[in-house]
Amino acid sequence: MVKYDVTVIGSGPGGYVAAVRCAQLGMKVAIVEKYPTLGGTCLNVGCIPSKALLDSSHHFHTALHNFKEHGIDISEPKVNIKQMITRKSGVVKANVDGIAFLMKKNNIDVFEGLGSFETKNKINVAKANGKSETIDTDKVIIATGSKPSSLPFIEIDKKRIITSTEALNLTEVPKHLLIVGGGVIGLELGSVYARLGAQVSVVEYMDSIIPTMDRTMGKELAKILKKEGVKFYLSHKVKEVTAKGNKVTLKADDKKGNEVVLEGDCCLVSVGRYAYTDGLGLDKVGIPTDDRGRVEVDAHLQTNVAGVYALGDVVKGAMLAHKAEEEGVFVAEVMAGQKPHIDYNLIPGVVYTWPEVAAVGQTEEQLKEAGVDYKVGSFPMRALGRSRASMDLDGLVKVLADKETDEILGVHIVGARAADMIAEAVVAMEYRASAEDVSRMSHAHPTYTEAIKEACMAATDNRSIHT
Ligand code: FAD
Ligand code: NAD
């Protein structure tokens, strides 16, 4: 019987990346996945399908609203939701097939079934047909990810009251989509259906959308999405969501305690995700979880059981695919006796609305709270030639730098292609650049990235040229 050096449980971006890196480092690797396709939440029901629908709906919206001004006359475009979903499924298939190929290429053995601990060196794989087998392994990586959360009084019926998973497979555009939670999922999937013609109402508990990002970002994005018809109910506490026939009723209290009642035909519940450890048998090996159900790990991402590691959404930190990937590489290298490092402050966060929102480092609120003396440089996207050419005038870049040393401490962007632009800020901050450093680097003209340069100029002695 084969004895594996490492068994990875879960094949999302954390698990499959860890598996590949372990194989590269010469380990014999098994990966266990309970679903028939690899890639986890991200590839199957997360990052990839949502971005496919965001791209399709963005094309539709552009054709409907901007083509005429660009001088392109077409008859009025119509939404073919069936084809949009079919294309999305094709994109997902190509990606998950790619992971299966990567496993083969790296000689990683794939086991389909629910993985659970028998002991710390024996993993049981329970298959859908009722059979099971046992994997002998030296080390284990738990990469079981997360699942959508709900609220105690909301019953997700997966038809009218849905999570992101169902929202990626709708067969018709809702007339009125109610959304509980104005975070990343609510705004990305809300944008998809708003662009396709749905009335969208977002009910958010906090006083801002995307409340964990720099507050300027939420304000700016809300302003832009409002122009597109999205309605926001901020500081509203949802207390009831019920479905009857083809109607959904949502009741919430505003901050004065007044009841607000909204009626729609679909309600997306996007109030966060919880770490997923069901059926894993953590108790069999005595691995504890914290108060939020996350597997507890030390600075090396090792659990209290030597040789058992955990990473990605199932442990603390941002629930992001690229964070999980970094941790996958990290754990493999730790196991191989190397000394890898992750700077969690430099993991960027992106919201793929249009315009996109992207950020890295500290927010203004965090700097204030930490008592750091900082300065701000901002630059509006509308002042760029590139933005005028493409009709993407909304948004801004905001750079936060240390008042004394000028070191960049945070970069926050709302703007076209912000998701790609943030990489410049990550590189700059990784090398601890000052705002002046970036302001003196040549940025190709005309590009959106000129806004980063200008914001850095604004942060250093207010010397932005174009405002
Ligand atoms: P997962 O991807 O959740 O993978 C865990 C895997 O483990 C799953 O396949 C699961 O079936 C399997 N599993 C669980 N238990 C067992 C078991 N006992 N045995 C066998 N297999 C098991 N992040 C971004 O960075 N960018 C984005 O644009 C983005 N968009 C998103 C959009 C949506 C709609 C959602 C829901 C999420 C999005 N995310 C995005 C978050 C991202 O998907 C997660 O952060 C990422 O998938 C976490 O990776 P992971 O490997 O930790 O876990
Ligand atoms: P989130 O944490 O981004 O947003 C949840 C929102 O719901 C918050 O604004 C919160 O204040 C609000 N909320 C919580 N309870 C509420 C209540 N009772 N009533 C009204 N509002 C309430 O969570 P999400 O949007 O569900 O996304 C889950 C995770 O998936 C996130 O952690 C995110 O990192 C990840 N994700 C990332 C991306 C991306 O990187 N582009 C995209 C989608 C999802």
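**Entry 1: Asp392**

I looked up Asp392 and found it buried but without a salt bridge; Arg386, the nearest side chain of opposite charge, is 6.9 Å away. I take buried as under 20% relative accessible area, exposed as over 50%, and partly exposed as in between, with a 1.4 Å probe and protein chains only. A salt bridge is a side-chain nitrogen of Lys or Arg within 4 Å of a carboxyl oxygen of Asp or Glu. For charge, Lys and Arg count as positive and Asp and Glu as negative, while His and the chain ends are not counted.

I note that this is a predicted model, where local features need pLDDT of at least 70, side-chain atom pairs count only at pLDDT 80 or more, and totals for chains, interfaces and linings use all residues. Residues are numbered from 1 along each chain as its sequence is written, chains are lettered from A and ligands numbered from 1 in the order in which they are written, and side-chain values use heavy atoms, with hydrogens and water left out.

Where does Asp392 sit? I place Asp392 in the loop between helix H12 (385–390) and strand S21 (396–402). Helices (H or I, at least four residues) and strands (E, at least two) are DSSP runs numbered from the N terminus.

The side chain of Asp392 has a polar contact of 2.8 Å with that of Trp354, and one of 3.0 Å with that of Ser390. A polar contact is a pair of N or O atoms within 3.5 Å; within protein, one must be able to donate a hydrogen and the other to accept it, and residues adjacent in sequence count only if both atoms are side-chain atoms. Leaving out residues up to four places away in sequence, I list Trp354, Met381, Ser387, Ala416 and Tyr448 as touching Asp392. Contact means heavy atoms within 4.5 Å.

**Entry 2: rings**

I searched the whole structure for aromatic pairs and got one. Tyr4 and Phe111 form an edge-to-face pair, 6.0 Å centre to centre with 85° between the planes. Tyr4 is in strand S1 (residues 3–9) and Phe111 in strand S3 (residues 109–112), so the pair links distant parts of the chain, 107 residues apart. Rings of Phe, Tyr and Trp (its six-membered ring) pair if their centres lie within 6.5 Å; planes under 30 degrees apart count as stacked, over 60 as edge-to-face and the rest as tilted. Both Tyr4 and Phe111 are buried.

I also found the charged end of Lys147 over the ring of Tyr276, 5.0 Å from its centre. This label needs NZ of Lys or CZ of Arg within 6 Å of the ring centre and within 35 degrees of the ring normal.

**Entry 3: salt bridges**

How many salt bridges does a search of the whole structure find? I got 22.

Asp253 forms one with Lys239, the closest N and O atoms being 3.0 Å apart. Asp253 lies in strand S13 (residues 247–253) and Lys239 in strand S12 (residues 237–244), so this pair ties together parts 14 residues apart in sequence. Asp253 is partly exposed at 23% relative accessible area, and Lys239 is partly exposed at 34%.

Lys251 and Glu240 meet in another, at 3.9 Å, N to O. Here too strands S13 and S12 are involved, with Lys251 in S13 and Glu240 in S12, so parts 11 residues apart in sequence are tied together.

**Entry 4: Pro148**

I found Pro148 in strand S7 (residues 146–148). Pro148 is partly exposed, at 24% relative accessibility. Pro148 and Val269 are 121 residues apart in sequence but 8.5 Å apart in space, C-alpha to C-alpha.
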